[in-house]
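Biologist: Could you walk me through this model step by step? I would like to hear what stands behind each label.

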Amino acid sequence: MPLNFLRRKKPDAGTAPKAPPDAPRLAREGIAFDGLTEEWRLVGRMRIEGRLSDALNKREAVDITEVQWAPIDGSAALEPAPGLRSVDPYDLIIVLAGEGSLPELSDTERAAHKIHKISYDVALEAPPFRVTGTIYLHPGMEPERLLDRATEMFVPVVDAAAYLGDQRVGDPDVETVLVNRFYLRGVEQIDKRTGVRPQKLPGRPLGGVSWQDRS
């Protein structure tokens with residue numbers, strides 16, 4: 001279960017703990033991240049090598065540096081939080097992933113990846129957030145299966161947007177969002193143009209498998 005160490009209801013959570021005055025300044029390293037908890041937005045760098053999703057899926061605390069934080073409701077601007085030196089993946093509901101956190105694939109590898117998986121446009125409910133975008137699943141796996149227990153803790157959503165109510169959160173230029181499956185409460189196939197479930201057209205298909213049969 002999430003440790004909820006970032007809940008503002010704790011007496012000492014309103015102000016980030018101060019780093020010792022003689023603490024050495026860490027060199028700029030690792031991968032940039034933008035993570036959202038139930039109440040906070042954390043922006044900084046994770047001291048990891050390789051893909052961000054691989055590090056988070058280990059379910060172990062990750063060292064972080066150059067951290068800033070702010071309430072997710074936008075009531076205050078980002079400010080330094082030097083006392084936050086690690087984060088537990090269980091506390092992160094969604095993570096906006098930049099290009100540096102994604103695997104380096106050739107054009108051939110990207111094409112093969114898409115051939116062997118099926119794309120679904122979905123809306124994922126991970127309260128208090130809603131994430132819309134595209135997921136890629138192996139044949140025979142329906143999007144609703146994301147609610148089942150699985151080895152991977154975070155599912156990547158591409159061409160994605162994350163919302164808190166009607167307000168989009170995070171950097172709009174980041175198009176990949178990692179969603180913590182432990183917080184998932186709903187999965188719905190949608191039409192990305194409208195953001196809602198597609199309406200079936202009247203009549204019956206002439207044959208074969210239509211997009212309606214997958215919704």
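Modeller: Let me start with a term: helices (H or I, at least four residues) and strands (E, at least two) are DSSP runs, numbered from the N terminus. By that rule, the elements of the protein chain run β-β-α-β-β-β-β-α-β-β-β-β-β-β from the N terminus on. That comes to two helices and 12 strands. Please keep in mind that this is a predicted model, where local features need pLDDT of at least 70 and side-chain atom pairs count only at pLDDT 80 or more, while totals for chains, interfaces and linings use all residues. Residues are numbered from 1 along each chain as its sequence is written, and side-chain values use heavy atoms, with hydrogens and water left out.

Biologist: What is the mean pLDDT of the protein chain?

Modeller: pLDDT is the predictor's confidence in each residue, from 0 to 100. Its mean for the protein chain is 79, and 69% of the residues reach 70 or more. Over residues 8-27 the value is below 50.

Biologist: What makes the pair of Trp40 and Trp69 stacked?

Modeller: Rings of Phe, Tyr and Trp (its six-membered ring) pair if their centres lie within 6.5 Å; planes under 30 degrees apart count as stacked, over 60 as edge-to-face and the rest as tilted. The centres of the Trp40 and Trp69 rings are 4.5 Å apart and their planes are at 15°, so the pair is stacked. Trp40 lies in strand S2 (residues 40-46) and Trp69 in strand S3 (residues 62-71), so the pair ties together parts that are 29 residues apart in sequence.

Biologist: Which kind of aromatic pair do Tyr90 and Phe182 form?

Modeller: Tyr90 and Phe182 form a tilted pair, with 5.6 Å from centre to centre and 45° between the planes. Tyr90 lies in the loop between strand S5 (86-87) and S6, and Phe182 in the loop between S11 and strand S12 (186-189), so this pair ties together parts that are 92 residues apart in sequence. A search of the whole structure finds two aromatic pairs.

Biologist: Why is S11 called largely enclosed?

Modeller: Five of the five residues of S11 are buried, so S11 is largely enclosed by the rest of the structure. Thr176, Leu178 and Asn180 point one way, while Val177 and Val179 point the other way.

Biologist: How do you know that S11 pairs with S9?

Modeller: Two strands pair if DSSP finds at least two bridges between them. S9 and S11 have four bridges, in the antiparallel sense. Here Val155 stands opposite Val179 in S11. Four bridges also join S6 to S11, again antiparallel, and there Ala97 has Thr176 as its bridge partner.

Biologist: What makes a group of residues a nonpolar core?

Modeller: A nonpolar core is a set of buried Ala, Val, Leu, Ile, Met, Phe, Trp, Tyr and Cys residues joined through side-chain atoms within 4.5 Å. The largest one has 25 residues, of which Ile94, Leu124, Val131, Leu146 and Val179 touch the most other members. Elements that give two or more residues to this core include strand S7 (118-126) and strand S8 (129-137). A second, separate core of 23 residues includes Trp69, Leu84, Val95 and Phe154.

Biologist: What about Val131, with which residues is it in contact?

Modeller: Contact means heavy atoms within 4.5 Å. Leaving aside neighbours within four places in sequence, the contacts of Val131 include Ile94, Leu124, Val157 and Val179.

Biologist: What makes the backbone at Arg59 and Asp159 worth a look?

Modeller: Most residues other than glycine have a negative phi, and most peptide bonds are trans. Arg59 has a positive phi near 60°, and Asp159 has a positive phi of about 45°. Arg59 is in the loop between helix H1 (52-56) and S3, whereas Asp159 is found in strand S9. Asp159 has a relative accessible area of 47%, so it is partly exposed. There is also a cis peptide bond joining Pro127 and Pro128, with omega about 10°.

Definitions and conventions
Buried means under 20% relative accessible area, exposed over 50%, partly exposed in between (1.4 Å probe, protein chains only).
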